[in-house]
Amino acid sequence: MTQAPPPNSTRLAILIPFAIVTIIWGSTWIVITSQLGVVPPTWSVTYRFVIGGIAMLIWAAATRQSLRIDARGIGFAALLGLFQFALNFNFVYRAELHVTSGLVAVVFALLLVPNALLARIFLDQRLGRQLIVGSGIAMAGVALLFAHEIRRDPAASGEVYLGIGLTLLGVLSASIANVMQATPTAKRWPMIPMLGWAMLFGAAMDGALAFVTVGPPVIDLRPVYIAGVLYLGIIASAVAFPLYFGVLRVIGPAKAAYSSVIIPVLAMLLSTLFEGYRWSLLAAAGAMLAGVGLVLALRARRPSR
């Protein structure tokens, strides 16, 4: 009997971009905190995706990809921009006004749950036993990390639950965008220009919301803020999103969402280096379980369609 080929998710062409995206997005939770304060969150989100969208369209033009999309493509880009680059990030930035970045990162790890459910409903992607087991182990790890963060967060309980609620709304918005990217409709157009236009549409919605709710644009000229906007716009958006959605189209939304499981661990490691984060046995056990679950899930066969 011939041995079955390894699952797509264990191949270097998938593991390398998966690792790059996870490292980049694991660092963004700390960077986002530098965006809060002088500039209202919605304006910070707007600047991020103006920079990201322009960078992606420049990249597309430099690689001789057409920037033109038809009317249906414009509608798809606008809808993707609404869920991924407007609703998702506005909820996340606002959540960090109420709770720590580590707690937001932990809650966002729940992305794998709606991703798996929506992929089952809309893409008919069935979940194999190994993927379910890996998910269960990883979620147990996330639960331990969550319990640790709740214990150490000094904010009042009302603030904590408001922050968690906003993060969950961001998770749902991101999940809808994730499943959109896995549909045959998304593959009608080249990914780079499509994402570039989606970011600019999202930025336009962000800017309109910001103008209506907080007034004219506000800018913070401190080097740490400018550097943060450039990092989030170019590295965490223009570079990371094409890598992530490229992986997602191959291994499916459920497995791709495992980057959100390991990201809180990286966020906490960076917090250890730069914010004096102190590990407990509870947090260490959660990080270990999340990693074990990730390995098991990624080794599962690709869900059948």
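Modeller: Let us begin with burial: a residue is buried under 20% relative accessible area, exposed over 50%, and partly exposed in between (1.4 Å probe, protein chains only). Ala177 has 0% relative accessibility and therefore counts as buried. This is a predicted model, in which local features need pLDDT of at least 70 and side-chain atom pairs count only at pLDDT 80 or more, while totals for chains, interfaces and linings use all residues. Residues are numbered from 1 along each chain as its sequence is written, and side-chain values use heavy atoms, with hydrogens and water left out.

Biologist: In which helix is Ala177 found, and which residues does Ala177 touch?

Modeller: Helices (H or I, at least four residues) and strands (E, at least two) are DSSP runs, numbered from the N terminus. Ala177 belongs to helix H7, residues 157–181. Contact means heavy atoms within 4.5 Å. Not counting residues up to four places away in sequence, Ala177 touches Leu80, Phe83, Gln84 and Phe245.

Biologist: How many helices and strands does the chain have?

Modeller: The chain has 12 helices and 0 strands. Of its 305 residues, 53% count as buried. Among contacts between residues at least 6 apart in sequence, 91% join residues at least 24 apart.

Biologist: How is the packing of two helices described, and at what angle do the axes of H1 and H9 cross?

Modeller: Two packed helices are described by the angle between their axes and the distance between the axes. Axes are lines fitted to C-alpha atoms, for helices over the stretch in contact, and angles run from 0 to 180 degrees between N-to-C directions. The axes of helix H1 (residues 12–33) and helix H9 (residues 223–251) come within 9 Å and cross at roughly 145 degrees. A crossing is left-handed if the near helix is turned anticlockwise from the far one by less than a right angle, and right-handed if clockwise; that of H1 and H9 is left-handed. By class, their contact has 21 nonpolar, 3 polar and no charged residues. Here Ala, Val, Leu, Ile, Met, Phe, Trp, Tyr, Cys and Pro count as nonpolar, Asp, Glu, Lys and Arg as charged, and the others, Gly among them, as polar.

Biologist: How many salt bridges does a search of the whole structure find?

Modeller: A salt bridge is a side-chain nitrogen of Lys or Arg within 4 Å of a carboxyl oxygen of Asp or Glu. The search finds 1. Asp220 pairs with Arg222, the closest N and O atoms being 2.8 Å apart. Asp220 is buried at 5% relative accessibility, whereas Arg222 is partly exposed at 40%.
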